[in-house]
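Have the coordinates open as you read.

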Amino acid sequence: MKKLLLFLSFICINLFAGEVNVYSSRHYSTDKILYDMFEKETGIKVNVINDKPDALIKKIELEGKDTPADVFITVGAGDIYNAKKSGILQSVHSHVIQDNVPTNFRDKDGYWTALSYRARVLIYNPEKVSVNELSTYEDLANPKWKGRVLTRSSSSSYNKHLIAFLLVKDGEKETREWAKGLVKNFARDPQGNDRAQAVAVLKGVGDVAIMNSYYMGKMSIDKNPDQNEAFKKLKLFFPNQKDGGTHINISAAGVTKYAKNKENAIKFIEFLTTVKAQESISNDNFEYPVNKMAKTNELVKSWGEFKISNIDFEAFGKKLTEAKFIADEASWK
Ligand code: FE
């Protein structure tokens, strides 16, 4: 009887609390932990559709006022910038978000907030590379690295953002030259994802790889023995520490313009910025929390404190198209 009453009250809460529909381009199975935490805490059902950011923005645009989407989540400053620019988001003013997320990690007009960040780092084999040889992203175009650099295709959002970042930092002319020099130094034609580059360093295909920081954490728990060994043998380096700081990118969320469940959407995004959700993002996906009160995962913390570039996310978010042009011109596959 007691169980039945509990079950009925759960159903009532669910009916009353309603739902929130999320279109997300985050590709991490660990996000299910966050959705479950939110459902358990609020009774609000989380429905998720996953796809690439461009496809989701297009979908929301085509659905127009009838869109079921209440929340748009993406990875990449350029993609959240595009979402805002395309008019699919609405401005939200939430004291919870304002308290949890520092100003530099939020849109100035309230259209989005970052949920986490990750650094684009260098991964190297300490048996082949001395840490003193490493310095900046720009240095990877130096002929001393000929045949030693590994990175994925330029069609990857992560690399497009890196090029866009350098465009803002160093200007167009220098970045064009950089891309050409980098391509000349490739150990092989770009292939595979970020983790494949680390495994290639492990196998001696090249000496240094460009990779997102959280993949080092993911490799530490991966069942694939190569990835596990790559995690154990390779080291992580934060570039540009004496040159403005390392490039970081954000995962971000916003409420859609025609959200039917606006209140739930705000509650959901607020929840994602709370200490417990932020600590789950860091512990389960090895990202950096944006909420300063949240503890960073111990392994992630063990990589050390580092200087983050203070270049504005929107500034390089605007440069993705130009970044693609530069990569094509340099024949970066
Ligand atoms: Fe990723």
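M216, M219 and S220 in helix α9 (residues 213–220) meet Q227, N228, A230 and F231 in helix α10 (residues 225–233), where contact means heavy atoms within 4.5 Å. By class, this contact of α9 with α10 has four nonpolar, three polar and no charged residues. For these classes, Ala, Val, Leu, Ile, Met, Phe, Trp, Tyr, Cys and Pro count as nonpolar, Asp, Glu, Lys and Arg as charged, and the others, Gly among them, as polar.

Please keep in mind that this is a predicted model, in which local features need pLDDT of at least 70 and side-chain atom pairs count only at pLDDT 80 or more, while totals for chains, interfaces and linings use all residues. Residues are numbered from 1 along each chain as its sequence is written, and side-chain values use heavy atoms, with hydrogens and water left out. Helices (H or I, at least four residues) and strands (E, at least two) are DSSP runs, numbered from the N terminus.

**Helix pairs**

Two packed helices are described by the angle between their axes and the distance between the axes. Here the axes are lines fitted to C-alpha atoms, for helices over the stretch in contact, and angles run from 0 to 180 degrees between N-to-C directions.

| Helix pair | Angle between axes | Distance between axes |
|---|---|---|
| α9 and α10 | about 120 degrees | 8 Å |
| α6 (residues 157–170) and α7 (residues 172–184) | roughly 140 degrees | within 7 Å |
| α6 and α15 (residues 320–329) | about 100 degrees | 8 Å |

Angles under 35 degrees count as roughly parallel, over 145 as roughly antiparallel, 65 to 115 as roughly perpendicular and the rest as oblique. α9 is therefore oblique to α10, and α9 passes α10 in a left-handed crossing. A crossing is left-handed if the near helix is turned anticlockwise from the far one by less than a right angle, and right-handed if clockwise.

The axes of α6 and α7 cross at roughly 140 degrees, which makes α6 oblique to α7. α6 passes α7 in a right-handed crossing. On the α6 side the contact is made by L162, I163, L166, L167 and D170, and on the α7 side by E172, E174, T175 and W178. Five nonpolar, one polar and three charged residues make up this contact by class.

α6 also packs with α15, and these two helices are roughly perpendicular to each other. K160, H161, I163, A164 and L167 of α6 meet L320, E322, A323, K324, I326 and A327 of α15. This contact has seven nonpolar, one polar and three charged residues.

How many of the nine residues of strand β9 (residues 248–256) are buried? Nine of the nine are, so β9 is largely enclosed by the rest of the structure. Buried means under 20% relative accessible area, exposed over 50%, partly exposed in between (1.4 Å probe, protein chains only).

Two strands pair if DSSP finds at least two bridges between them. Strand β3 (residues 71–75) runs antiparallel to β9, joined by five bridges, with V75 having S251 as its bridge partner. Strand β4 (residues 89–90) is also antiparallel to β9, with two bridges, and L89 is partnered by T256. Strand β5 (residues 113–124) pairs with β9 in the antiparallel sense over six bridges, and there A114 stands opposite A252.

S251 lies in β9 and counts as buried, at 0% relative accessibility. Leaving aside residues up to four places away in sequence, S251 touches R26, I73, T74, V75, T113, A114, L115, S116 and E287.

In helix α4 (residues 77–85), seven of the nine residues are buried, so α4 is largely enclosed by the rest of the structure. They are A77, G78, D79, I80, Y81, A83 and K84. After α4 comes G87, whose phi is positive, near 80 degrees.

Helix α11 (residues 262–272) is likewise largely enclosed, with eight of its eleven residues buried. Those are N264, A265, I266, F268, I269, E270, F271 and L272.

Not counting residues up to four places away in sequence, K276 touches M37, E41 and F271. K276 and K295 are 19 residues apart in sequence and 9.2 Å apart in space, C-alpha to C-alpha.
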